[in-house]
Amino acid sequence: MAKPKRYAIISDIHSNIEALDAVIEDAHAQGVTDFVCLGDVVGYNAAPRECIQRIRELGCKVVKGNHDHYCSDPSVDLDDFQPNAASVIEWTRRNISEEDTRWLYNLPLSTVIMGFTIVHSTLDSPSHFRYAFDKQDAEDSFNYQRTRVCFHGHTHVPCIFRRTTTGASHGILKLGAANGLLEQGNYFINVGSVGQPRDGIPKACYLIFTAEGMTKLSIEFRRVDYDVDAAVQRIKDAGLPERLINRLYTGQ
Ligand SMILES: [Fe+2]
């Protein structure tokens with residue numbers, strides 16, 4: 001019998017190589033067989049080249065996040081952005097290679113992998129990078145979901161939406177009770193953020209998805225300590241906005 005596939009689903013790395021390396025190490029220790037990346041490889045933090053290189057070395061499927069889009073498409077007008085946000089995008093554009101820029105630009109917005117779907121934001125309008133905060137947002141995405149499970153990121157807050165076959169009942173499950181076998185129904189699961197968590201827990205977040213055939217599916221959210229001070233020192237050295245430092249220490 002074939003061994004179950006064990007995927008590390010990672011998202012919103014945001015140029016935080018210390019967090020990414022800690023997650024990769026944890027995933028290997030957990031017996032992960034494949035990596036999948038839901039986008040926002042760059043933005044906010046100060047190691048964009050290193051993160052792009054590491055993701056490419058993993059050879060994983062990757063979809064495009066909004067920051068990957070802003071940092072790789074010079075036609076995106078930064079006048080519409082907050083000054084702090086614009087300054088990081090400009091800095092990132094200057095600090096990645098032409099090849100990195102091309103790679104980010106050419107990423108797809110969504111894709112299907114062995115029976116599950118990945119997207120950065122929502123499936124109803126992936127190019128608009130809409131945030132899925134509530135049941136209505138999830139409902140809109142479910143209407144375009146053709147696989148039982150879809151993983152997404154973008155809000156940096158881990159969360160599970162479920163739609164049962166009997167109707168439009170969704171449950172936003174509390175994380176403590178979330179790990180384990182998926183019950184019947186369709187799932188739209190936010191895997192949280194590796195490089196800039198915003199759920200009040202300043203540890204890198206990712207999810208392990210185990211698939212034994214097409215029916216026995218289970219998930220496990222993981223939180224991983226990493227060297228926050230080293231990531232902060234990079235931000236200081238690069239002269240990026242102070243606010244980005246606080247976010248790493250507080251997870252907000
Ligand atoms: Fe993000």
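What radius of gyration would a compact globule with 252 residues have, and what does the protein chain have? Before I answer, please note that this is a predicted model, in which local features need pLDDT of at least 70 and side-chain atom pairs count only at pLDDT 80 or more, while totals for chains, interfaces and linings use all residues. Residues are numbered from 1 along each chain as its sequence is written.

A compact globule with 252 residues would come out near 18 Å, and the protein chain has 17 Å, which agrees; the radius is taken over C-alpha atoms, and the globule rule is 2.2 Å times the number of residues to the power 0.38. Along its principal axes, the C-alpha trace spans about 50 × 40 × 35 Å.

Turning to secondary structure, the protein chain holds eight helices and 11 strands, which are DSSP runs numbered from the N terminus (H or I, at least four residues, for helices; E, at least two, for strands). Six of the strands make an open sheet of mixed pairing, in the order β3-β2-β1-β10-β11-β8, where two strands pair if DSSP finds at least two bridges between them. The edge strands, each pairing on one side only, are β3 (61-62) and β8 (180-181). Strand β2 (residues 34-37) runs parallel to β3 and is joined to it by two bridges, and C37 has V62 as its bridge partner in β3.

Finally, I9 touches V36, L38, F151, V191, Y206, L207 and F209, leaving aside residues up to four places away in sequence, where contact requires C-beta atoms, placed from the backbone, within 7 Å.

Key:
Two residues are in contact if their C-beta atoms, placed from the backbone, lie within 7 Å.
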